[in-house]
Structure formats: structure tokens, C-alpha cells
Amino acid sequence: MTRFKNKRIDALVVGAGPAGLMAAEVLAQAGCSVVITEAMPSPARKFLMAGKSGLNITKAEPDDVFKEAYAPLHASLCGALEGFGSSEVQQWVRGLGQEIFTGSSGRVFPKAMKASKLLRAWLSRLESFGVVLKTKWRLVEFGEDYTFDTPEGRQIVEPKVAILAMGGGSWARLGSDGHWVEQVQSIAQIAPFTPSN
């Protein structure tokens with residue numbers, strides 16, 4: 001077992017889906033050194049699959065109507081939607097150099113339609129921020145530090161803070177297998193998986 005060698009790791013993000021990538025982006029923009037680990041061979045596999053038939057990134061509608069789609073809404077999410085609602089999502093996509101359009105239903109899509117171009121631009125921006133992405137790193141144990149099975153053998157990471165962004169149990173083939181629940185339920189109360197839409 002070896003300790004992961006990096007000058008310093010302020011933040012570890014476990015999971016390279018959209019939630020993990022966005023967490024890494026926010027942390028890196030705040031000046032943190034960030035390492036993202038992903039159990040699968042490549043990041044955001046479910047995101048890419050979702051965009052196969054056209055990536056619906058948000059819906060263009062007034063904020064109050066937009067928020068109703070998430071009701072009942074936990075108080076902690078109200079602020080999140082106010083700070084990063086439909087117009088902010090559209091602005092963020094444009095900031096990655098991707099043109100967008102609004103369909104007749106109000107749904108917003110990248111002009112390229114597919115998720116791959118958007119993901120490549122996103123990963124490139126994260127790399128420019130100094131974010132390190134480690135694939136085929138599966139979390140096996142955590143506490144004060146985090147132990148991973150990797151192609152190079154067991155690795156231990158000792159970040160100042162960690163964010164677990166490991167997704168649900170909806171698509172095991174793409175990495176969303178929900179196995180992390182067993183690791184986390186000893187330290188946190190976990191609600192059963194339910195559809196979010």
C-alpha cells in the first residue's frame with residue numbers, strides 16, 4: 001500500500017459524474033488543489049449515455065415555475081437553485097464554448113446535441129484549473145484517510161476535505177451501482193433510492 005504523492009491535496013472528490021465534476025470545478029475556482037477519483041475507466045459515462053439522443057441541459061422558464069418541478073424542496077436546495085438555476089446553467093454551458101438552443105417544449109439543448117463535446121470542454125477547463133483526474137480508482141475504505149484499489153495497487157489519499165459524489169444505483173453497467181451505500185451507512189443515515197423525477 002502506498003500513499004498518493006501529490007504536493008498537497010485540499011479536496012478529494014470521489015466520483016466523476018456531473019455532481020463530482022461540478023464540485024471539483026467550484027473547489028478549484030476557490031483556489032483548492034483537487035483530485036477526482038473515478039472507479040470506471042472514464043468519467044461521466046451516464047452523462048454521455050443520457051446525451052446520446054440529445055442532451056437536455058435545463059428548461060427555459062421563469063424561476064418560480066422552474067423551482068416547482070423540484071417541489072417539495074429541502075431548504076438547502078432552495079439556495080442552490082437560486083444561485084444556479086436555469087439561466088445560470090445556460091450561461092455555464094456557453095462559458096464552455098457550447099452554443100445552445102431552446103426547443104418548442106422549452107427544453108434547452110447544446111447545438112451539438114450530444115454530451116461528448118460539452119464533456120470534453122468541461123474536462124479541459126478542469127485540467128486548466130489543475131484538477132487531477134484518476135480513473136479506475138475504486139474507494140474501498142475511508143475514515144481519516146481514503147483507500148483506493150487502483151491499477152497501481154492500493155493507494156491512500158489524505159485530503160483536508162472529501163466530497164462523496166458517487167451517484168445512485170440506476171445503471172451498474174455505467175458505474176452507478178450504489179455499492180457505496182454499504183460503506184457509508186455506518187456513519188450516515190441513508191434514505192432508500194427513489195426516482196428523482
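A nonpolar core is taken here as a set of buried Ala, Val, Leu, Ile, Met, Phe, Trp, Tyr and Cys residues joined through side-chain atoms within 4.5 Å. In this predicted model, the largest such core has 28 residues, and those with the most contacts inside it are Val13, Leu21, Val34, Ile36 and Ile57. Strand E2 (11–14), H1, E3, H5 and H6 each put at least two residues into this core. There is also a second, separate core of nine residues, with Ile9, Val35, Leu139 and Val157 among them. As a rule, nonpolar side chains in soluble globular proteins tend to be buried together.

Helix H6 comes next. H6 covers residues 116–128, and at 1.5 Å a residue its 13 residues should span 18 Å; the end C-alpha atoms are 18 Å apart, so the helix agrees with expectation. Its buried residues are Leu118, Leu119, Ala121, Trp122, Arg125 and Leu126. Looking down the axis of H6, these buried residues fall within an arc of 165 degrees, so they line one face of the helix. As for what sits over the buried residues of H6, the cover includes helix H1 (18–29), strand E3 (34–38), helix H2 (45–50) and helix H5 (86–95). After H6 comes Gly130, with a positive phi near 90 degrees.

Four bridges join it to strand E8 (residues 138–142), and the two run antiparallel; here Arg138 is partnered with Asp149 of E9. A hairpin of three residues leads from E8 to E9. The hairpin between E9 and E10 has two residues between the strands. Four of the five residues of E9 are buried, so the strand is largely enclosed by the rest of the structure.

Now for the aromatics, of which the structure holds six pairs. Phe101 and Phe109 are stacked, at 5.6 Å centre to centre with 25 degrees between the planes. Phe101 counts as partly exposed because its relative accessibility is 34%, whereas Phe109, at 16%, counts as buried. Trp137 and Phe148 form a tilted pair, 5.5 Å centre to centre and 50 degrees between the planes. Trp137 lies in the loop between strand E7 (132–135) and E8, while Phe148 belongs to strand E9, so this pair ties together parts that are 11 residues apart in sequence. Trp137 and Phe148 are both buried. Finally, Phe47, Trp92 and Trp122 make up one aromatic cluster; Trp122 is also one of the buried residues of H6.

Note on methods. Residues numbered from 1 in each chain as written. Predicted model: local features only at pLDDT ≥ 70, side-chain atom pairs only at ≥ 80, totals over all residues. Heavy atoms only, no water. Expected span 1.5 Å × (residues − 1). Buried < 20%, exposed > 50% of the residue type's maximum accessible area, 1.4 Å probe, protein only. Arc of directions from axis to C-beta. Contact = heavy atoms within 4.5 Å. Pairing = 2+ DSSP bridges. Phe/Tyr/Trp six-rings, centres within 6.5 Å; stacked < 30°, edge-to-face > 60°.
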